[in-house]
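Welcome, and thanks for taking a look at this model with us. Please have the sequence and the 3D view open as you read.

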Amino acid sequence: MYQVNEVFQTIQGEGRYTGKPSIFVRLQGCPVGCSWCDTKHTWTLDPELKTSPEAMLAKRSDTPAWAELSPLQLLALFAAEGYQARHVVITGGEPCLYDLYPLCEALHQAGYSTQIETSGTFEVKAPDSTWVTVSPKINMPGGYKVLASALARANEIKHPVAMQKHIEELQALLSEHQLQDKLVYLQPISQQKRATELAMASCIANNWQLSVQVHKYLGIE
């Protein structure tokens with residue numbers, strides 16, 4: 001069973017799969033504590049806030065209420081909602097708090113591709129065919145370290161940046177773990193002008209790629 005904060009269909013706005021129709025499954029719970037996080041309502045798994053799948057789907061604002069669903073129940077929910085996308089993004093919160101093998105394998109058997117968006121601070125428990133996006137959260141208040149195993153498993157590294165120290169932290173992380181050949185995206189925090197200019201210049205200097213959170217420019221989830 002998985003504790004789910006929300007499920008919705010949209011267009012993926014970040015990283016390698018930018019522009020791809022996707023179903024997002026947002027799981028509840030995250031101890032990492034990023035100050036700029038835009039999903040802080042997913043941090044705490046409060047048993048008193050457990051609700052029904054129907055009530056979870058009906059939410060019209062960000063709340064910490066969550067519903068418990070099995071992989072088969074999630075598939076039934078996709079069908080009941082009439083979702084057409086065939087790519088599922090498992091995010092959070094921190095989805096790697098969970099064993100994602102059962103969920104990903106059920107989705108694959110039903111004809112979906114899968115992607116995980118993780119901070120890299122917990123072991124990635126998912127099939128090899130699942131695309132793993134590691135957004136390494138370095139020196140966050142929660143005190144969790146970015147795991148070498150998560151970085152090695154990453155298909156892409158997507159790094160949020162606002163200032164030069166974020167570039168330097170990423171360079172140090174890549175050097176420490178000898179990850180110079182990884183696919184790297186820089187993502188300006190909150191679409192700030194200075195952050196975007198820094199990200200563009202750093203991408204050119206390092207032959208990285210830019211991720212600009214297209215969904216926020218479009219005004220969609």
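Helices (H or I, at least four residues) and strands (E, at least two) are DSSP runs, numbered from the N terminus. The buried residues in question are His166, Ile167, Glu169, Leu170, Leu173 and Leu174. Seen down the axis of α5, they fall within an arc of 160°, so they line one face of the helix; the arc is that of the directions from the helix axis to the C-beta atoms. Buried means under 20% relative accessible area, exposed over 50%, and partly exposed in between (1.4 Å probe, protein chains only).

The length of α5 (residues 164-176) fits too: at 1.5 Å a residue, its 13 residues should span 18 Å, and its end C-alpha atoms are 18 Å apart, which agrees. The expected span is 1.5 Å times one less than the number of residues. Just after α5, Gln178 takes a positive phi of about 50°.

## About the model

This is a predicted model, in which local features need pLDDT of at least 70 and side-chain atom pairs count only at pLDDT 80 or more, while totals for chains, interfaces and linings use all residues. Residues are numbered from 1 along each chain as its sequence is written, and side-chain values use heavy atoms, with hydrogens and water left out.

## Gln12 in its loop

Where does Gln12 sit? Its place is in the loop between β1 (2-11) and β2 (21-27), and at 1% relative accessibility Gln12 counts as buried. Leaving aside residues up to four places away in sequence, Gln12 touches several residues, among them Tyr17, Phe24, Val89 and Glu117.

## Aromatic pairs

Rings of Phe, Tyr and Trp (its six-membered ring) pair if their centres lie within 6.5 Å; planes under 30 degrees apart count as stacked, over 60 as edge-to-face and the rest as tilted. By this rule the count comes to 6 aromatic pairs. The rings of Phe8 and Phe24 have centres 5.3 Å apart and planes at 5°, so this pair is stacked. Phe8 belongs to strand β1 and Phe24 to strand β2, 16 residues apart, and both Phe8 and Phe24 are buried.

For Phe122 and Tyr144, the ring centres are 5.1 Å apart and the planes at 40°, so the pair is tilted. Phe122 is buried, with a relative accessible area of 18%, whereas Tyr144, at 34%, counts as partly exposed.

Definitions and conventions: Contact means heavy atoms within 4.5 Å.
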